[in-house]
Amino acid sequence: MKVISSLDDAKSFINDHKSDETISLIPTMGNIHSGHLKLINSASSSSLKIVSIYVNELQFDDRNDYISYPRTLADDLSICEDNNVDLVFAPDNSVICKQLDSDKNDLPKFTSYMCGANRPGHFSGVFRIVKFLFKIIEPNYAYFGKKDFQQLLLVKYIASTYFPKLKIIDVDTVRDSNNIALSSRLSKVSRESLHQVKLIFQTLMIMKKKLLSGLEYNDVKESSLLDLEDNNISVEYLDLRSLETLKEQVNINHPCGIFIACYIDNIRLIDNIEI
Ligand code: AMP
């Protein structure tokens, strides 16, 4: 496995391989866990597997969150090595910053909802890093998780607008035995609070069941919000939204999902369930 941090080395590696190999890209911010591994292992073993590891400052609206984001490069590299990754591209901040500054972006409407409404600049940061990675790595396939569903839609928009030959593959959310969606931020939640984290997906499942049984959306939402708040979970949003446009829905007549962002121990966690 090769590890590259310089842009020129990454470009020449890609040039040496792109004509006769299919390239699969798995972008991450590191602190590799089983969720990331599912993306890595979803990529065809006959393709050239490239994992990028970069904690993108531009997509953090909270400086403390950026500073305290778990960084575990040595462990990440050995996990990648054990999982047949061919290249880890782990650029440092100075390499990326120079490249991203001049890049303008046109964000689609749906990025103004949910995480976009609550994290100023977040999707602009995602847009810039994803477009940069697609331009440098020129992948044929790129793998993204449905846990970050709004991000996944943005990535699909970037691909269809600027990289029409690139295929985005979405990967189902990996959960632990308590149905908690794996996330790098989970390592910052105290053991005592894990019972609260379990309630996130439990709530989504209960809401889905109630909606499928015909209960009114507003009643379902209201009682779930009360339950979560009773358990000291501070909810940023809990919405029923279209899977295509992310517009808010009041019934389940169209393909939709329930999306949540909340804080436990001051750590922001997100999850979703499709209906
Ligand atoms: P991150 O390192 O958090 O930026 O995530 C990198 C990629 O892994 C993104 O496409 C995420 O959606 C995906 N991912 C993160 N957690 C999970 C999970 N629990 N299951 C599936 N994919 C995930």
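The radius of gyration is taken here over C-alpha atoms, and the globule rule is 2.2 Å times the number of residues to the power 0.38. The model is predicted. For 275 residues, a compact globule would have a radius of gyration near 19 Å. The protein chain has 19 Å, so the value agrees with that of a compact globule. Along the principal axes, the C-alpha atoms fill a box of roughly 60 × 40 × 35 Å.

The secondary structure of the protein chain comprises 10 helices and nine strands. Contacts were examined between residues at least 6 apart in sequence. Of these, 71% join residues at least 24 apart. Buried residues account for 53% of the 275 residues.

The surface was considered next. The protein chain exposes about 13,200 Å². Carbon and sulfur atoms supply 47% of this area. The chain carries 31 positive and 37 negative charges.

Cysteines were then examined. A disulfide is a covalent bond between the sulfur atoms of two cysteines. With a cut-off of 2.5 Å between cysteine sulfur atoms, the count comes to zero disulfides. Cys262 illustrates the result. The closest cysteine sulfur to that of Cys262 belongs to Cys115 and is 11 Å away, so the pair is too far apart for a bond. Cys262 has 0% relative accessibility and therefore counts as buried, the threshold being under 20%. Cys80 also counts as buried, because its relative accessibility is 0%.

Methods
Residues are numbered from 1 along each chain as its sequence is written. This is a predicted model: local features need pLDDT of at least 70, side-chain atom pairs count only at pLDDT 80 or more; totals for chains, interfaces and linings use all residues. Side-chain values use heavy atoms; hydrogens and water are left out. Helices (H or I, at least four residues) and strands (E, at least two) are DSSP runs, numbered from the N terminus. Buried means under 20% relative accessible area, exposed over 50%, partly exposed in between (1.4 Å probe, protein chains only). Contact means heavy atoms within 4.5 Å. Accessible areas come from the Shrake-Rupley method with a 1.4 Å probe; for residues, only the protein chains shown count as cover. Lys and Arg count as positive and Asp and Glu as negative; His and the chain ends are not counted. The place of a charge is taken as NZ of Lys, CZ of Arg, CG of Asp or CD of Glu.
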